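Dear colleague,

I am handing over the structure shown below, and after it I set out what was found. Please read the notes with the model open beside them.

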Amino acid sequence: MTERDAPARAGIPEEARALHARVLALDAHADLVLPTTNPSYLAKDGTSKVSPERMREGGLDAVVLAIAVEPQRRNAEGFARAAAIAAEKLAAFRRIVDDHPDVVAATTPKEIEGARAEGRRALVLGFQNALILGTDPDAVVPWFEAGCRVFALTHMGHNDFADSSRPLYRPRKRAYEPTEEHGGLSPLGEAALDRIVAHGGLVDVSQLSRNATLQAIERTRRPIVATHSNVRAISDVTRNLSGEEIDAIARSGGVVHVSSFAPYLPRLGDPALMARVVATRREHGLPETFSYPFELYWEIEDVTARTAFLTAMRGLIRDLSVEDMLDHVDHLAERVGVDHIGVGNDFNHGTNVRGFRDATEAGHFTAGLMARGYGEDDIARIWSGNFLRALKAAQDGATV
């Protein structure tokens with residue numbers, strides 16, 4: 001039995017296990033873990049859901065680990081804090097590689113594929129939230145030189161570069177930020193995208209507002225990706241992608257990577273669920289109107305109250321499974337085709353779903369795809385082929 005026979009054997013048909021062992025499995029988005037990471041986001045033992053050990057057990061060959069920074073004040077102090085957190089996460093990435101001889105820091109499709117051929121895991125460095133750059137678009141270049149290859153301009157909340165799909169809630173004002181601050185990209189955001197494209201970086205539009213996403217596609221003229229986004233027609237939260245955005249990503253030659261992150265999956269058209277969401281928000285002193293119903297816990301100042309809200313919201317969506325994730329895959333396949341679908345779980349950021357709670361369970365996703373009629377070639381493209389194609393196109397288009 002080889003190490004790739006290990007992935008989550010229980011409950012997975014032999015045919016699916018064998019196919020999973022044949023394909024290159026790549027997760028396009030997980031967060032880097034620091035000692036300060038909220039334990040509720042991590043595996044039960046308090047470690048990363050995509051640790052090299054879990055990757056090996058689950059037959060996950062590669063993952064894009066993102067240097068993601070949560071909202072900070074948009075002033076000199078906030079920019080400095082964001083940069084410090086990012087530097088700490090870069091150091092954590094390098095420690096993972098240094099401490100695991102079977103792990104490779106990969107920057108090209110060839111290196112990712114080569115690592116798998118050698119029986120090693122590939123880690124690709126990602127970047128999320130231009131708050132790290134302060135107000136200097138040129139500051140993105142050193143991150144490329146440090147090994148980042150996948151770049152997203154926003155996280156939660158607008159920054160000086162672009163509008164976010166999730167405006168911040170201000171507890172003391174009991175109000176959200178405006179839906180848009182820049183009307184999409186700002187001039188700083190356009191300049192940063194120009195630098196990223198020139199260096200062959202892959203642009204990630206997950207977390208961008210609708211207008212910013214469409215403007216990024218138009219400006220880059222390259223295949224772009226959404227590394228961890230689901231379908232808004234199924235789960236109507238601002239964090240997910242509209243049909244217009246999905247179509248534009250596909251026309252660019254890009255890829256939408258479906259996430260197992262539970263808050264991106266519920267069918268919010270369900271009146272009973274929505275009534276429970278509103279009641280839960282009311283119970284925790286939050287407004288009944290919302291931009292993104294399952295979050296806000298970062299923005300509740302009291303830690304005990306924040307944990308209570310998060311626990312209650314998770315209870316509302318506890319029955320979600322990998323089957324809900326596959327519903328989003330099916331929608332995308334029907335709308336834009338298998339060539340524009342990938343996997344990006346958003347591990348280490350929050351709750352995931354039954355059947356795909358961490359990297360050890362990657363084989364369940366393969367089995368689910370097979371059960372829904374996807375063939376081996378389709379599954380290989382969804383797991384990694386489409387991402388690798390987009391990354392290669394971005395790198396082939398570099399001008400510096």
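**A buried serine in a loop**

S321 has a relative accessible area of 9%, so S321 is buried (buried means under 20% relative accessible area, exposed over 50%, and partly exposed in between, with a 1.4 Å probe and protein chains only). This serine sits in the loop between α10 (303-316) and α11 (322-335), where helices (H or I, at least four residues) and strands (E, at least two) are DSSP runs numbered from the N terminus. Leaving out residues up to four places away in sequence, S321 touches V353 and R354, a contact being heavy atoms within 4.5 Å. From C-alpha to C-alpha, S321 and G355 are 6.0 Å apart in space, although 34 residues separate S321 and G355 in sequence.

Before going further, please note that this is a predicted model, in which local features need pLDDT of at least 70 and side-chain atom pairs count only at pLDDT 80 or more, while totals for chains, interfaces and linings use all residues. Residues are numbered from 1 along each chain as its sequence is written, and side-chain values use heavy atoms, with hydrogens and water left out.

**The chain as a whole**

The secondary structure comes to 13 helices and eleven strands. A compact globule of 400 residues would have a radius of gyration near 21 Å, and the chain agrees with this at 20 Å; the radius is taken over C-alpha atoms, and the globule rule is 2.2 Å times the number of residues to the power 0.38. Along the principal axes, the C-alpha atoms fill a box of roughly 60 × 50 × 40 Å. Of the 400 residues, 59% are buried, and among contacts between residues at least 6 apart in sequence, 72% join residues at least 24 apart.

As for charge, the chain carries 46 positive and 56 negative side chains, and the centres of the two sets lie 2 Å apart. Here Lys and Arg count as positive and Asp and Glu as negative, with His and the chain ends not counted, and each charge is placed at NZ of Lys, CZ of Arg, CG of Asp or CD of Glu.

**Aromatic pairs around F127**

Rings of Phe, Tyr and Trp (its six-membered ring) pair if their centres lie within 6.5 Å, and planes under 30 degrees apart count as stacked, over 60 as edge-to-face and the rest as tilted. By this rule the chain has eight aromatic pairs. In one of them, the rings of F127 and W143 have centres 5.9 Å apart and planes at 55°, so the pair is tilted. This pair links distant parts of the chain, with F127 in strand β4 (residues 121-128) and W143 in helix α5 (residues 140-145), 16 residues apart.

F127 also forms a tilted pair with F151, at 5.7 Å centre to centre and 40° between the planes; F151 belongs to strand β5 (residues 148-152), 24 residues from F127. F127 counts as buried at 3% relative accessibility, F151 is buried at 2%, and W143 is buried as well. Ring pairs link F127, W143, F144 and F151 into a cluster.

**Two residues with positive phi**

N129, in the loop between β4 and α5, has a positive phi of about 105° although it is not a glycine, and N129 is buried at a relative accessible area of 2%. Q207, in the loop between β8 (202-204) and α7 (210-220), is a residue other than glycine with a positive phi, near 85°, and Q207 counts as buried at 1% relative accessibility.

With kind regards
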